[in-house]
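Work through the two exercises below with the sequence and the model at hand. Each task is followed by its solution.

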Amino acid sequence: MKLNELKLTNPYLNLPAECHDRVKPSPLNKPFLIHANEDVAHMLDIDKEELYTEAFVHFVNGDYHPEGSDTFAMCYAGHQFGHYVPRLGDGRAINIGTLNGWHLQLKGAGQTKYSRSGDGRAVLRSSIREYLMSEAMHGLGIETTRALAIIGSDHSVYRQEWEKGSIVLRVSPSWVRFGTFEYFAHKKKLKELEALVDYAIAESYPHLLDEPDKYILFFTEVVGKTARLLAQWQSVGFNHGVMNTDNMSIHGLTIDYGPYAFLDVYDHNNICNHTDAYGRYSFGNQPNVAEWNLRALMTALSPMIPVEKMERVMAHYGRLYSERYVWIMTKKLGLDRVKEGDKDLIKHLLGTLQGLQVDYTLFFRTLSRYSGERKEILSLGLYHTPMNDWLDEYDKRLMQNESSETERHEAMLRTNPKYVLKNYMLQEAIDAAEEGSYQLIDDLFTIAKEPFAEHPQFERWAGPTPEEFRNTKLSCSS
């Protein structure tokens, strides 16, 4: 489909007026294409040739308006670091319409009603991080928003210093957040709350539309999806960094990539957000924060759903998370099926990795070729005794496998990525882009799409993070 054939719809605008605010994008000066995602274009049924036209740059810049476009920002509230903020909303994101069931949104397209004192812009570094990481999470098989393109500009934006403005055109099956429900519940706007819940069910859980108990079933689905998402995050060593309720998706997606990090070395207590002074959003605390956020959603939905019913659902969150996490980890360890004692084997391993400060991704990729010879594994840590102790247990457990060693290796190499996009890699791409070179964005995008492939030309990214770049903390504007 050509750009001039696009026909957008705007189902969210059918909700009550307070749910959104119509606003026009503010285009950047002298925009240019940095990168476009042909897979997402195919998903949207846009011809890939269109991505490299001047019209497409104007589309991402917000000054080309397809048929049906009716731009708006969404209203929501949220708990930020545990404190309720009564009105947040899309402060630098403007929705331009829905195509093939995907909602298109321009991040960095200018001020909205919800910008507060912000400028509504996104700088190049934060746009690069979101563009690449959303593709990386998709490549890892983790539910996430996607991005169609990133543009740069000659537009100056001030943060702590002057930087260049950028826009990411990101897409999602839903932009509804836990905090969207909180906004109307706290204002006691129950008609709007009910309309929003009905909309969210139709958008994300349409199989529930005709169920007599659709509201409690809706909450049950959200709890289950959230538990599964957190198990995936923990299994790959992903630290979101700012799990406010306004950054939690009702669809069970990873959204709003800010001060995130993949673990450099395994650290249960890793904090990647330098404003998180008390470690609320530390890596190890993420499953607990997700439960806290679900309880905030439960409170918001209590005018519509009996609390005692939701409490019975919430009682299963810990089990749902734990079962999914253990199942994923047994796959990472190459085990045929979950057996009694596997949870203890996993705990023993994580404690060992914590003590040895071993690169998390590299460890599992190395283990994927383990055949009893320990030299390569032991070379990853300074002290051999703790790892030898764990490997003794692991060897005994492998004897219970029914699959062959070759089958185990093949399965583990499909499960344990060779590459994840660590912050030092992204920073190198950002530094080059700020000097006008975008080749590293293309390289990291290739890695992000296929993180399990060998990519011999990118071997330097497969090793441990250089010590001087480990555990860098970032800000919410990152």
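**Exercise 1: His 155**

His 155 sits in the loop that joins β9 (146-152) to β10 (156-158); strands (E, at least two residues) and helices (H or I, at least four) are DSSP runs, numbered from the N terminus. The model is predicted: local features need pLDDT of at least 70, side-chain atom pairs count only at pLDDT 80 or more, and totals for chains, interfaces and linings use all residues. Residues are numbered from 1 along each chain as its sequence is written, and side-chain values use heavy atoms, with hydrogens and water left out.

Task: decide whether His 155 is buried or exposed, and list what it touches.

Step 1. Buried means under 20% relative accessible area, exposed over 50%, partly exposed in between (1.4 Å probe, protein chains only). His 155 has 16%, so it is buried.

Step 2. Contact means heavy atoms within 4.5 Å. Leaving out residues up to four places away in sequence, His 155 touches Pro 27, Leu 28, Asn 29, Arg 121, Glu 163, Lys 164 and Gly 165.

**Exercise 2: helix α10**

Task: find where the buried residues of α10 lie around its axis.

Step 1. The buried residues of α10 are Asp 342, Leu 345, Ile 346, Leu 349, Leu 350, Thr 352, Leu 353 and Leu 356.

Step 2. Down the axis of α10, these residues fall within an arc of 160°, so they line one face of the helix; the arc is taken from the directions from the helix axis to the C-beta atoms.

Step 3. The buried residues pack against α9 (317-332), α11 (360-367) and α13 (384-398). The face turned away from them carries the exposed residues Asp 344, Lys 347 and Gly 355.
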